[in-house]
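Here are some questions and answers for a reader meeting this structure for the first time.

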Amino acid sequence: MARLDVMETFHGIMFPGHLHTQDCLQLAIRFPFQDTDVLIASYPKSGTTWVQEIVTLICSKGDPQFSQAIPNWTRAPWLEQYYCAPILEASPTSSPRVITTHLPHHLLGPAFQDSKPKVIYVSRNPKDVLVSYYHFHKMANFLPEAGTFQEFFSNFLEGKMCYGSWFDHVKGWTSQTVTMNNLLHITYEEMSQNLHDAIKRISSFLQCPLLEEEINNCMKHCSFSSMRDNKMVNYTLVPAEIMDHSKGSFMRKGKTGDWKTMFTDEQNQHFKHVYRTRMQDCSLKSVWAEQDEEECVC
Ligand code: PPS
């Protein structure tokens, strides 16, 4: 399926036609989850692939054999992408199914009515999401043209992005932590600051406790450098006409605070203003404190 120039609009949200059809999006929002499923949910560029790797490694007690042999999109397929159903049909029934999604909660929530999969929601400082997404648009030929950074910046704040608005996505999923005891919210920043504790938190949520040595093995194999060199996760297996590897790397920098290399002071002030306004009804307002500036994103 090429459809590199096609965009599908579903419930008012744009999805790349290369990976999504109206039919597979419809199927996704009615997906019959099982209580044993593990669902990784995120807005793009928030640390999705990192959590896929962590969950794979936790399930194999730190042994990298599986994560180094099977591409991440096969071991943790995106629910809304057209190839998901056949992959899940072929997957073994003994281990938990690991499924990924970028769908917003308001679209996927109804699918949880009859089941309680374990949901891990990963979020990231939106300024770093914006910068990472901007660079990804330059290499991913299935996404619209990035335009100038200023144009991309404005589109991001207005929610004119594939997979919709960052604000709606994060508010929609994290507001569920109050009622859904099967939802773990973790941030990219927590994983960056203390990967050991993040792995421990995820493994205990998955009820898969690990020995110290197993945690250390997980840490080793999901470090930025290990993942950058693992072709099952660094997207170099994707042909150049789909991802132009001469224009960038999927495993780009893997840092927190990289927005500072791109944002002007004016953009930063504008971002903070929009963030404050859009997040005023959200308790997450001050999660992304900028340690080096001792300044809060809001
Ligand atoms: S996607 O396209 O939505 O699946 O992208 P996603 O995986 O959510 O986000 C990609 C960014 O995550 C970074 N990344 C990591 N950072 C630190 N450590 C590890 N192990 C790691 N794995 C992935 C990746 O580099 C992208 O961020 P940027 O800022 O672009 O480098």
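Q: In which helix does M227 lie?
A: The model discussed here is a predicted one. M227 is part of a helix that covers residues 224-229. That helix is α12.

Q: Is M227 buried or exposed?
A: Buried means a relative accessible area under 20%. The value for M227 is 2%, so M227 counts as buried.

Q: At what angle do the axes of helix α2 and helix α10 cross?
A: Two packed helices are described by the angle between their axes and the distance between the axes. Helix α2 takes in residues 48-59 and helix α10 residues 195-205. Their axes come within 10 Å, and the crossing is right-handed. The angle is roughly 65°.

Q: Which residues make the contact between α2 and α10?
A: By class, this contact of α2 with α10 has seven nonpolar residues, one polar residue and no charged residues. From α2 come W50, I54, V55 and I58. From α10 come L195, I199, I202 and S203.

Q: Which residues does L195 touch, leaving aside neighbours within four places in sequence?
A: L195 is in helix α10 and is buried, because its relative accessibility is 13%. Its C-alpha atom is 9.7 Å from that of N216, 21 residues along the chain. Leaving those neighbours aside, L195 is in contact with W50, I54, E190, M219 and C222.

Q: How far apart in space are T56 and R75, C-alpha to C-alpha?
A: T56 is also in helix α2, and its relative accessible area of 7% makes it buried. Not counting residues up to four places away in sequence, T56 touches F66, S67 and R75. T56 and R75 are 19 residues apart in sequence, and their C-alpha distance is 7.8 Å.

Q: What is the phi of K61?
A: K61 is in the loop between α2 and α3 and is partly exposed, with a relative accessible area of 37%. Most residues other than glycine have a negative phi. K61 is not a glycine, although its phi is positive, at about 55°.

Q: Where is Y163, and what is its phi?
A: Y163 sits in the loop between α7 (149-158) and α8 (166-174). Its relative accessibility is 6%, so Y163 counts as buried. Y163 is not a glycine, yet it has a positive phi of about 75°.

Q: Which residues does T187 touch, not counting residues up to four places away in sequence?
A: T187 belongs to strand β6, which runs over residues 183-187. T187 is buried, because its relative accessible area is 6%. Not counting those residues, T187 touches V122, S123, V287 and W288.

Q: How far apart in space are M1 and G17, C-alpha to C-alpha?
A: M1 is in the segment before β1 (7-10) and counts as partly exposed at 40% relative accessibility. Beyond residues up to four places away in sequence, M1 touches G17, H18, L19, H20, T21 and Y82. M1 and G17 are 16 residues apart in sequence, and their C-alpha distance is 8.9 Å.

Q: What is the radius of gyration of the chain?
A: The chain has 13 helices and eight strands. For 298 residues the globule rule gives 19 Å, and the chain is close to that, so it is as compact as a globular protein of that length. Its radius of gyration is 18 Å.

Q: How many of the residues of the chain, in percent, count as buried?
A: The C-alpha atoms fill a box of roughly 55 × 45 × 40 Å along the principal axes. The chain exposes about 13500 Å², with carbon and sulfur atoms supplying 52% of it. Of the 298 residues, the share that counts as buried is 56%.

Key. Residues are numbered from 1 along each chain as its sequence is written. This is a predicted model: local features need pLDDT of at least 70, side-chain atom pairs count only at pLDDT 80 or more; totals for chains, interfaces and linings use all residues. Side-chain values use heavy atoms; hydrogens and water are left out. Axes are lines fitted to C-alpha atoms, for helices over the stretch in contact, and angles run from 0 to 180 degrees between N-to-C directions. Helices (H or I, at least four residues) and strands (E, at least two) are DSSP runs, numbered from the N terminus. A crossing is left-handed if the near helix is turned anticlockwise from the far one by less than a right angle, and right-handed if clockwise. Contact means heavy atoms within 4.5 Å. Ala, Val, Leu, Ile, Met, Phe, Trp, Tyr, Cys and Pro count as nonpolar, Asp, Glu, Lys and Arg as charged, and the others, Gly among them, as polar. Buried means under 20% relative accessible area, exposed over 50%, partly exposed in between (1.4 Å probe, protein chains only). The radius of gyration is taken over C-alpha atoms; the globule rule is 2.2 Å times the number of residues to the power 0.38. Accessible areas come from the Shrake-Rupley method with a 1.4 Å probe; for residues, only the protein chains shown count as cover.
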